[in-house]
Amino acid sequence: MSGGARYDLPTIEAETAPWWEAARRGELLVRRCGGCGRAHLYPRPFCPTCWSEDVSWEQAAGTATLYTWSQVHANDLPPFRDRVPYLAAIVDLDEGPRMETTIVGVTEADLTIGMRLKVDFSDVGEVTLPVFRPA
């Protein structure tokens, strides 16, 4: 791709930088609320459940359950058009939060709701993205 917009790269801001740095090291983080004890994603400076600002980073186990998925066959935005087909999914992390991700290392025919998954990481441009594969 020559100088065009990168639709596949996130904007890394000060609040989310620790999450992206951990992903680069092969670690998955969640935020945990000191007020109500719940974990959440995406990273934000307050708890979306009780609104407490007493939140801290916690390393996640990196394991999840498949909630749902869709095999993407067409995506006209560069560079996604070169990646089809791919498996877009939502997983339930063992810590509680749901997370949007991609499933790798398996075909769609092998997926089942409720299957166990483990995190892996994929370098894309200047960032490392968490992806999941069968446990």
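Predicted model: local features only at pLDDT ≥ 70, side-chain atom pairs only at ≥ 80, totals over all residues.
**Entry 1: Leu29.** I began with Leu29, which sits in strand β1, residues 29-33. Is Leu29 buried or exposed? I found a relative accessible area of 9%, so Leu29 is buried, since that word applies under 20%. Leaving out residues up to four places away in sequence, I saw that Leu29 touches several residues, including Pro18, Trp19, Leu41 and Trp57. I also looked up Ala61, which is 32 residues from Leu29 in sequence, with 8.8 Å between their C-alpha atoms.

**Entry 2: helix α1.** Next I turned to α1, residues 17-24, where Ala17, Trp19, Trp20, Ala22 and Ala23 are buried. What do the buried residues of α1 pack against? My list reads β1, β3, β6, β7 and β8. After the helix comes Gly26, and I noted its positive phi, near 85°.

**Entry 3: salt bridges.** How many salt bridges does the structure hold? I noted 6, and I looked up some of them.

- Glu15 and Arg31 meet through their side chains at 2.1 Å, N to O. Glu15 belongs to the segment before α1 and Arg31 to strand β1, 16 residues apart. I have Glu15 as partly exposed at 30%, while Arg31 is buried at 8%.
- Arg32 pairs with Glu58, their closest N and O atoms being 2.8 Å apart. Arg32 is in β1 and Glu58 in β3, so this bridge ties together parts 26 residues apart in sequence.
- Asp94 and Arg116 meet at 2.8 Å, N to O. Asp94 lies in the loop between β5 and β6, and Arg116 in β7, so parts 22 residues apart are tied together.

Terms used:
Residues numbered from 1 in each chain as written. Heavy atoms only, no water. Helix = DSSP H or I, 4+ residues; strand = E, 2+ residues; numbered from the N terminus. Buried < 20%, exposed > 50% of the residue type's maximum accessible area, 1.4 Å probe, protein only. Contact = heavy atoms within 4.5 Å. Salt bridge = Lys/Arg side-chain N within 4 Å of Asp/Glu carboxyl O.
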